Every structure is written in C-alpha cells, then in structure tokens.
Amino acid sequence: MNDPNDRELTISCGCALMNLRVAAAHNGLGVTYDVTPDSNDKDLLAVISFHEADISSLAEAELFQSIEGRRTYRKHFQTREVPNSILETLIEVSSVEGTWPQVIESEEKRQNISALVSEGDSIQWSNLSWRRELATWMHPYSQGEGLIVPGIVAPILKVIIRIFDMVKGVGSKDKKLADASPIFAVLGTDGDSVANWRDAGQALERILLNAYSNGLQASYLNQPIEVVSLRTKLQNLLDRGCFPQILLRLGYPTDEIDATPRRSLDEVVD
C-alpha cells in the first residue's frame with residue numbers, strides 16, 4: 001500500500017549501494033558500477049566491479065564509521081540550530097549523486113508542508129488495508145526486522161492498529177515533529193524513473209552518513225510523497241518543478257538509540 005511501484009524499495013537499494021561504495025573505499029578499493037546493465041532482469045539495478053582506490057574514493061572512505069552509527073531518529077531533536085557550514089556540506093554531497101536538495105526555510109512553506117504531512121496521515125490511517133500492512137511490520141526485537149515494538153505489547157498494539165483509526169494522535173505528533181525540526185528538506189530528482197530512485201537512494205545515504213559524522217541524525221515524513229494525490233501539491237510548493245523523493249528532517253538527537261535488527265550477511269549476499 002505504501003510503495004506499490006517499489007519506489008521506496010529502490011531508494012533503499014540505492015542506499016545499500018552507497019554503503020557498499022563506502023565500505024569498499026575503506027578497504028582500499030574503488031567501485032565501478034554499470035547502471036544500465038544489459039539484462040532481462042527488471043530487478044537488476046547495477047552491476048558492480050572493484051578496482052584499486054583512487055583519490056575520488058577518499059571522501060567516501062571517511063564515512064565508513066558512520067554506517068553503524070546512523071539511526072532513523074523518530075523523536076524530537078534538540079532546539080540547537082545546525083551551522084550553515086554543515087548544511088552547505090549536506091547540500092553539496094547530495095548534488096554529487098545527480099539529485100537536488102531543497103531546505104525548506106520559509107515559515108509559510110514549512111507550515112504548508114506540515115499540513116500535507118497531516119493530510120497524508122489522515123488518508124493513510126483511514127485506509128484499513130494500509131493499517132493491516134503496517135501491523136504486519138511490527139515485531140518485538142527478538143523477531144528480527146521491521147518496526148520494533150516492546151514484545152509484551154506487540155500483539156495488543158497490532159490488533160489496535162488494525163481496528164482503530166489513530167490518525168488524530170499520529171497526525172498531531174507528526175506535525176509537531178515537522179514544525180520543530182531544525183532542518184526540514186526535500187530530496188528530489190529531475191526524473192521519476194527507476195534510475196532516478198536508485199540515485200536518490202545513493203544521495204540520501206551520502207547525506208545521512210555525512211550528517212552523522214557531524215553529530216546529526218535524521219528521519220522521514222514521507223506521507224505527502226507516498227500519497228499520490230499529495231505529491232503534486234508538495235511539488236508545487238518547491239522552487240523546482242521536479243519530483244520529490246524524500247521528505248527529510250535533520251537535527252541533533254537528544255539521546256542515543258539502539259540499532260534495529262538487520263538481516264545476516266548470508267541472507268543478503270549470494
């Protein structure tokens with residue numbers, strides 16, 4: 001329901017590709033990847049080969065320690081402002097991957113986009129199928145990947161989400177998160193193809209790793225992009241008439257949070 005065309009799935013694969021590039025650089029290797037492989041496999045996004053690292057790999061190698069420390073931080077950030085020098089770096093690194101970032105600075109635009117987040121919450125939570133899908137992703141930590149919830153309440157919480165429309169509480173919380181975010185930004189692309197989604201993922205991960213190396217964490221309020229009818233409204237609020245892919249909030253965390261479970265290497269590498 002959230003991702004019927006695998007757009008967000010492809011973005012996540014782009015993030016994984018960037019992590020691979022960073023890990024390779026850390027180990028003295030450069031990465032060459034063919035993003036237009038001659039194949040009948042529609043799920044093949046890139047063919048990767050390794051070579052001796054060059055100067056262009058050095059900046060990526062410096063991000064290696066950030067891979068394990070980066071988190072999706074869903075809490076309120078500190079009120080502390082992010083220095084312009086860090087903000088400029090994040091904008092620069094995302095542009096390297098052929099994407100465009102726009103930091104939402106106008107208070108009017110921030111309020112308009114926050115309203116779209118709330119509207120997206122309302123549309124999604126009113127959809128019973130969407131709520132059922134959300135519930136299937138909720139698991140105790142011991143049961144692996146997904147949305148991690150305390151094991152003792154997981155069964156009850158899943159039933160509540162399937163049955164009840166909780167949009168008022170969720171919408172209010174998300175709007176407050178949006179309004180209070182030190183950095184509220186959109187990551188977009190000139191096109192909306194699978195290749196654009198993959199490149200958006202690489203840019204996103206580059207932003208996240210650079211952000212963490214500067215003490216920041218991030219999370220997402222992608223409802224206005226996930227709901228088709230709202231994506232155009234978001235697009236019309238931006239300075240460029242292109243395709244928004246990620247609605248991102250960044251700031252300094254108030255505390256440390258644990259990593260969520262990940263699949264084992266054997267499950268993801270053949």
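A: Happy to. On a 1 Å grid over the protein atoms alone, a cavity is a set of points where a 1.4 Å probe fits but cannot get out, and its lining residues have an atom within 4 Å of a point. Grid points are joined across faces, edges and corners, and a volume is the space filled by probe spheres set on the points. Please keep in mind that this is a predicted model, in which local features need pLDDT of at least 70, side-chain atom pairs count only at pLDDT 80 or more, and totals for chains, interfaces and linings use all residues. Residues are numbered from 1 along each chain as its sequence is written, and side-chain values use heavy atoms, with hydrogens and water left out.

By this rule there is one cavity of 30 Å³ or more, and the volume of the largest cavity is about 110 Å³. Its lining consists of L87, L90, I91, P101, V103, I183, A185, V186, L187, I207, L248 and L250. Two or more of these residues come from each of α4 (84-96), β3 (100-103), β6 (183-189) and β8 (243-251); helices (H or I, at least four residues) and strands (E, at least two) are DSSP runs, numbered from the N terminus. Strand β6 gives the largest share, four residues. By class, the lining has twelve nonpolar, no polar and no charged residues, where Ala, Val, Leu, Ile, Met, Phe, Trp, Tyr, Cys and Pro count as nonpolar, Asp, Glu, Lys and Arg as charged, and the others, Gly among them, as polar.

A pocket here is an open set of points with protein on both sides within 12 Å along at least five of seven lines. The elements giving two or more residues to it are α5 (107-125), α10 (223-226) and α11 (228-237).

Now for the charged pairs. Side chains of opposite charge can pair when their charged atoms come close. With a salt bridge taken as a side-chain nitrogen of Lys or Arg within 4 Å of a carboxyl oxygen of Asp or Glu, the structure holds 13 of them. One joins E97 and R21, at 3.3 Å from N to O. E97 sits in the loop between α4 and β3 and R21 in helix α1 (residues 7-26), so this pair ties together parts that are 76 residues apart in sequence. Relative accessible area is 10% for E97, which counts as buried, and 9% for R21, also buried; buried means under 20%, exposed over 50%, and partly exposed in between (1.4 Å probe, protein chains only).

R206 and E60 form another salt bridge, with their closest N and O atoms 3.0 Å apart. R206 belongs to helix α9 (residues 194-213) and E60 to helix α2 (residues 58-61), 146 residues apart. R206 is buried at 8%, and E60 is buried at 9%. R21, E60, E97 and R206 are linked in a network of salt bridges.

A further pair is K75 and D255, whose side chains meet at 2.8 Å, N to O. Here K75 is partly exposed at 40%, and D255 is partly exposed at 32%.
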